[in-house]
Amino acid sequence: MKFAVIVFPGSNCDTDMYHAVKDELGAEVEYVWHDATNLNQYDGILLPGGFSYGDYLRSGAIAQFSNVMTEVVKAAREGKPVLGVCNGFQILLETGLLPGAMRRNESLKFICQPEELVVENTSTIFTTQYEKGEVISVPVAHGEGNYYCDEETLEQLKANNQIVFTYRNNPNGSVENIAGITNEEGNVLGMMPHPERAVDELLGSKDGLKLFQSIVKSWRERYVAAT
Amino acid sequence: MYKVKVYVTLRESVLDPQGKAVMSSLHKMGQSEVEDVRIGKYLELTLQKGDYDLDEKIVSMCSKLLSNPVIEDYRYEVEEVVAQ
C-alpha cells in the first residue's frame, strides 16, 4: 500500500506524517506537491496539518481550489482512504468532503497539548485496531478546532455512526465533543488531534499508530486477500 | 468597472467568541449600552464590466469561496466606478 502526503505551501506537519508512515508504520510513502494533477498511483491520501496558503480568508479555504484537491475528491469518490489531520481536516470541510465547519477555539487561545480521546466507532477502516470506548492520548495543536454543524447534520452524523473520536475534556468548544468524523461512506476521516505525533513512546504516546495500522490492514483485507 | 463591497459575518446562530471578548472589553471601558458585537470580514472586489449577470457572479463567489455558508452570512453592495 502506497501513501501520498499532500504538501501545500504552509503545510508544516508533512514531515511528521511522512515519518510516521515510513519509519513507524513501515509503509511506502511519497510527498505530493499541491499542483499535482494525478494521484492514481497512491492507495491512501494523507492531508497534513499546518497553515496551507497562510490560512488566508479561512483555514483550508484557499486549498480547496488547488489542483491536487480535484484529485483528492476523485480519490475519495473512488473509495480510497483519505485522512485529513488538523489543517487537513479544515481543508476536507471547506472542500465539502466532510460536513460542518471550524470556528475559533472557544477560549480564543491556540491550544497545544495532549488530549484524551474516546474511540467511538471501531468499524471504520481507520479504527479497526482500537477497542470501542478505548481512551487514547493524542496531541492537539490548533487555534481553530471548534467544530460546528447544525442540528440536522449532527443527527445525521449520529445516525450514520460518523463520529469516530470525541474529546474526554473538550478543549475547544466543539459540538458534542467531536474530535474526528468520517463521511457517510466511511473512507474519509477528518480529525483535529495529530495521530502522526503519537507513534512512538519517545513522543509521549504511540496511541496514534494503530490508526495507520488500521488503514493498512483494511486495505490488505480488501485488495490483497481478495486476489 | 464595478466595485463590489462584501461583508462577511458569522451567522446569528453561531457563537462569535472574538465578538464576545471585544464586547466584554467595551463593557470594561464603560460602554455598558453595548449589547452585542459581531466581528466579520470586509472584502473589496473590482470587476470588469462584461456580458454576465453581476448578482449571479457575486453570489457564486461569495457562497463558494468568500464565505462559508455553514457558519457565515454575507451581504454586498455594488458601486459603478470609472476605470482609472
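Q: How many residues does the contact take from chain A and from chain B?
A: This is a predicted model. In it, the contact takes 10 residues from chain A and 8 residues from chain B.

Q: How do the residues on the chain A side divide into nonpolar, polar and charged?
A: The side of chain A that touches chain B has 4 nonpolar, 1 polar and 5 charged residues.

Q: Switching to chain A itself. What radius of gyration does chain A have, against a compact globule?
A: Chain A has 16 Å. A compact globule with 227 residues would have a value near 17 Å, so the two agree. Along its principal axes, the C-alpha trace spans about 50 × 40 × 40 Å.

Q: What percentage of chain A is buried?
A: Buried residues are 52% of the 227 residues in chain A.

Q: And how many helices and strands?
A: Chain A has 5 helices and 11 strands. Of its contacts between residues at least 6 apart in sequence, 76% join residues at least 24 apart.

Q: Which residues have the most contacts inside the largest nonpolar core?
A: Val5(A), Ile6(A), Ile45(A) and Leu46(A). That core has 69 residues.

Q: Take Ile45(A). What is in contact with it, leaving aside neighbours within four places in sequence?
A: The list for Ile45(A) is Ala4(A), Ile6(A), Leu39(A), Val72(A), Ala75(A), Lys80(A) and Val82(A).

Q: Val82(A) is on that list. What does Val82(A) stand opposite in S11(A)?
A: Val82(A) stands opposite Val188(A). Strand S4 (residues 82-85) of chain A runs parallel to S11(A), and 4 bridges join them.

Q: Which strand pairs with S11(A) in the antiparallel sense?
A: Strand S10 (residues 178-182) of chain A, over 3 bridges. Within that pairing, Thr182(A) is opposite Leu189(A). S10(A) and S11(A) form a hairpin with 5 residues between them, and Gly186(A) in the turn has a positive phi of about 90 degrees.

Q: Are the faces of S11(A) covered or open?
A: Both faces of strand S11 (residues 188-191) are covered. Val188(A) and Gly190(A) are on one side, Leu189(A) and Met191(A) on the other, and all are buried. In a regular strand, side chains alternate between the two faces of the sheet.

Q: On to helices. What should H1 of chain A span, and how far apart are its end C-alpha atoms?
A: At 1.5 Å a residue, the 12 residues of helix H1 (residues 14-25) should span 16 Å; the end C-alpha atoms are 15 Å apart, so the values agree.

Q: Which residues of H1(A) are buried?
A: Asp14(A), Asp16(A), Met17(A), Ala20(A), Val21(A) and Leu25(A). An α-helix has 3.6 residues a turn, so residues three or four places apart point the same way.

Q: What do the buried residues of H1(A) pack against?
A: Their partners in chain A are strand S1 (2-7), strand S2 (28-33), strand S3 (44-47) and helix H5 (209-224).

Q: What comes just after H1(A)?
A: Gly26(A), with a positive phi of about 80 degrees. Ala27(A) lies in the loop between H1 and S2.

Q: Why does Ala27(A) count as partly exposed?
A: Because Ala27(A) has 19 other C-beta atoms within 10 Å, and buried takes 20 or more. Not counting residues up to four places away in sequence, Ala27(A) touches Met1(A), Phe3(A), Val21(A) and Val216(A). The C-alpha atoms of Ala27(A) and Phe3(A) are 7.6 Å apart, with 24 residues along the chain between the two positions.

Q: Now chain B. Which strands pair with S1(B)?
A: Strand S2 (residues 40-47) pairs with S1(B) in the antiparallel sense over 8 bridges. Strand S3 (residues 72-80) also runs antiparallel to S1(B), with 9 bridges. Val4(B) has Leu45(B) as its bridge partner in S2(B), and Lys3(B) stands opposite Glu79(B) in S3(B).

Q: Is Leu10(B) buried or exposed?
A: Leu10(B) counts as buried, because it has 22 C-beta neighbours inside 10 Å. Leu10(B) is found in strand S1 (residues 2-10) of chain B. Leaving aside neighbours within four places in sequence, Leu10(B) is in contact with Asp16(B), Arg38(B), Ile71(B) and Glu72(B).

Q: Last one: what follows H1(B)?
A: Gly30(B), whose phi is positive, near 100 degrees.

Conventions
Residues numbered from 1 in each chain as written. Chains lettered and ligands numbered in written order. Predicted model: local features only at pLDDT ≥ 70, side-chain atom pairs only at ≥ 80, totals over all residues. Contact = placed C-beta atoms within 7 Å. Nonpolar A, V, L, I, M, F, W, Y, C, P; charged D, E, K, R; others polar. Core = buried A, V, L, I, M, F, W, Y, C linked by C-beta atoms within 7 Å. Buried ≥ 20, exposed ≤ 12 C-beta atoms within 10 Å, placed from the backbone. Helix = DSSP H or I, 4+ residues; strand = E, 2+ residues; numbered from the N terminus. Rg over C-alpha atoms; globule rule 2.2 N^0.38 Å. Expected span 1.5 Å × (residues − 1). Pairing = 2+ DSSP bridges.
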